[in-house]
Amino acid sequence: MRKLYSYKDLEVSVADETEVTFSVELISDGNIISTTVNIPQLPPEEDPVIEDAGSAPIGKGKDLRGDTTVVFSDIINLIPQEDTIEIHYKVNGQLVVAHKNPKSEEVRPLVLLLIKFTAS
Amino acid sequence: MKTTIPILICLLAIPLTYSQEKLAPLKTPTSPASSVLGLQPTAVLAPKSYDALETALYSNFIGDNGINVPDDFALEFTPYWTKDHGLTVYDYLYAKNLGEQLKRNTSFSVATTQSLVLNDSVNTSAIALGVRTSFYFPNKSDRQAIDDRLRQLRSNQRTISAIGAQLGQYALVDSSFEDFWAHIAPDIELFLKREYPNLTEEETNQFLKNLFEKGKEMGYNSADNDAFMAAFINNIDEKLSGDQLYTEFQEYVKNRYGLTVDIAYANLISFPTNDFEYSILPKQSLWITPAYKFKDGFNFLKVLAVFRYEWYDTDYYARFFENTRFYRNNVDYGLSAIGEFNKFLVQLELIGRSSSSEIPSGTDAQNNPLFRKVSASDFQYIATFSYNLTEQINLSYSLGNRFEPIANDQNTLVSLLGLNFGFGAPSKKDLGLVQFSGE
């Protein structure tokens, strides 16, 4: 069974009018990832999806208040030279979660982030 | 009956297999240093950082009395993989150019022994140093195979991550499984139709029905939902054959269509008096092995060519290996074809060997030294048949004619029967063989 790594109670402060960008950064080599950011105000089919590494705008700070923003990643790593999976999740360039797990523990980890955007 | 057949074959084969040496594989060795030393180490250290390399060398080579040569020691170090580079899988599979491949694939090896026996009586120390690299030349078939597999994996991942993101949201607020299911079911259907447009209505409904039934048994708990979410998403992954797609992709990456060229070099440093002040370089080896994996109608077939050059210091061998004959220059060249048909594997191997030396034969009228060239050639042909009796038991048989061994030049018949049992073999990581070997 694939292991789920969950990071809950994450809080990020952003001003009301600040455009919020969510980013995924590959640290270790050879990862294949799909990351979906669930924005409660949007219908599910419009949730931004990031393949491997990249950024996606997720709205203004004031639109993200109240609800929890859920981020979910499906990760696999099949390269034999790498023995650790390391991925960084950032909001507006600021590191929110540095996920790291040894491949001996899980080669296909699932990562869940629950983020609350508070007023700065 | 099933078990008696292999046992009977083993008993019959005992007279044939008695006292035969193991066959050297026709490929570039993973650790060229160990190969040139003739060492079969119990473990190869593969430090993944410079700190680990320093520790491995220091703890093995530094003793109470200064530097010493450890016995049965092998180490393989690949500098590129000591750091993270954030490579995507495409960056990893398709290096920009040959220079980049050289950087990534070059590994250095060290092997040492205290048991190099000279003149059949004296144990001496020896060190071997080696370098190995590999170049891969992808073709259209490879690109197609990678793209197809990646497309399937990506569809699977997009489905899982999209459902996971909704799942996380609903599991926060829904107090019962029925509420949760009422929210999540339409989303799952939406994502399935988006990523798998060929699914029929009936298949989709069946998928959802199974998911609902399994989900109900999982013990929904909104207060502590990690275990439920993990089980629920794993159930979807299983239905989408996520593990199978991963395994197939991983297997393909180990054995890609197209041309691979492995190159390795190693030399041996002998200390005949066990004194560091006096060393001799008696042997050097160079391997070049191109291998081609076919696709489509011939995807069962892999063809390898080998070129191996070995240089011996004949003065050294004449002095320390008195009853054996070595040539200075030895070239092996040949072909091997490997065919895999489900559980059955056939390997045919043909190798030629050309050896030559120049022997002093006096002087001319001006007192210049004269040399006489002596040469020899040999041929090796071996067929190996292998059959997987079960997932854990493999039966193999090799038949043919090998090169004249140095120690006993009358014994060239090869007739080797092997029965290999697997009891949960250690991984490369367990053995410290964590670097990419291409095997």
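**Helices H8 and H9 of chain B**

Author: In chain B, helix H8 (residues 201–217) and helix H9 (residues 226–239) have axes that come within 10 Å of each other and cross at roughly 145°. Helices here are DSSP runs of H or I with at least four residues, strands are runs of E with at least two, and both are numbered from the N terminus. The axes are lines fitted to C-alpha atoms, for helices over the stretch in contact, and angles run from 0 to 180 degrees between N-to-C directions.

Before we go on, please keep in mind that this is a predicted model, where local features need pLDDT of at least 70, side-chain atom pairs count only at pLDDT 80 or more, and totals for chains, interfaces and linings use all residues. Residues are numbered from 1 along each chain as its sequence is written, while chains are lettered from A and ligands numbered from 1 in the order in which they are written.

Back to our pair: H8(B) and H9(B) cross in a right-handed way. A crossing is left-handed if the near helix is turned anticlockwise from the far one by less than a right angle, and right-handed if clockwise. On the H8(B) side the contact is made by Phe207(B), Leu211(B), Lys214(B) and Gly215(B), and on the H9(B) side by Phe232(B), Asn235(B), Ile236(B) and Lys239(B). Two residues are in contact if their C-beta atoms, placed from the backbone, lie within 7 Å. By class, the residues of this contact are 4 nonpolar, 2 polar and 2 charged. Ala, Val, Leu, Ile, Met, Phe, Trp, Tyr, Cys and Pro count as nonpolar, Asp, Glu, Lys and Arg as charged, and the others, Gly among them, as polar.

Now look along H8(B) itself. Its 17 residues should span 24 Å at 1.5 Å a residue, and its end C-alpha atoms are 25 Å apart, which agrees; the expected span is 1.5 Å times one less than the number of residues. H8(B) is hardly covered, with a count of 1 buried residue among its 17 residues. A residue is buried if 20 or more other C-beta atoms lie within 10 Å of its own, exposed if 12 or fewer, and partly exposed in between. Just after H8(B), Gly219(B) takes a positive phi of about 80°.

Leu208(B) counts as partly exposed because it has 18 C-beta neighbours inside 10 Å. Leaving aside neighbours within four places in sequence, Leu208(B) is in contact with Ala185(B), Ile188(B) and Glu189(B). Its C-alpha atom is separated by 9.6 Å from that of Pro186(B), 22 residues apart along the chain.

Finally, the setting. Chain B has 11 helices and 13 strands, and buried residues make up 26% of its 439 residues. Of the contacts in chain B with a separation of 6 or more, 64% are between residues 24 or more positions apart. Chain B also meets chain A, in a contact that takes 41 residues from chain A and 38 residues from chain B.
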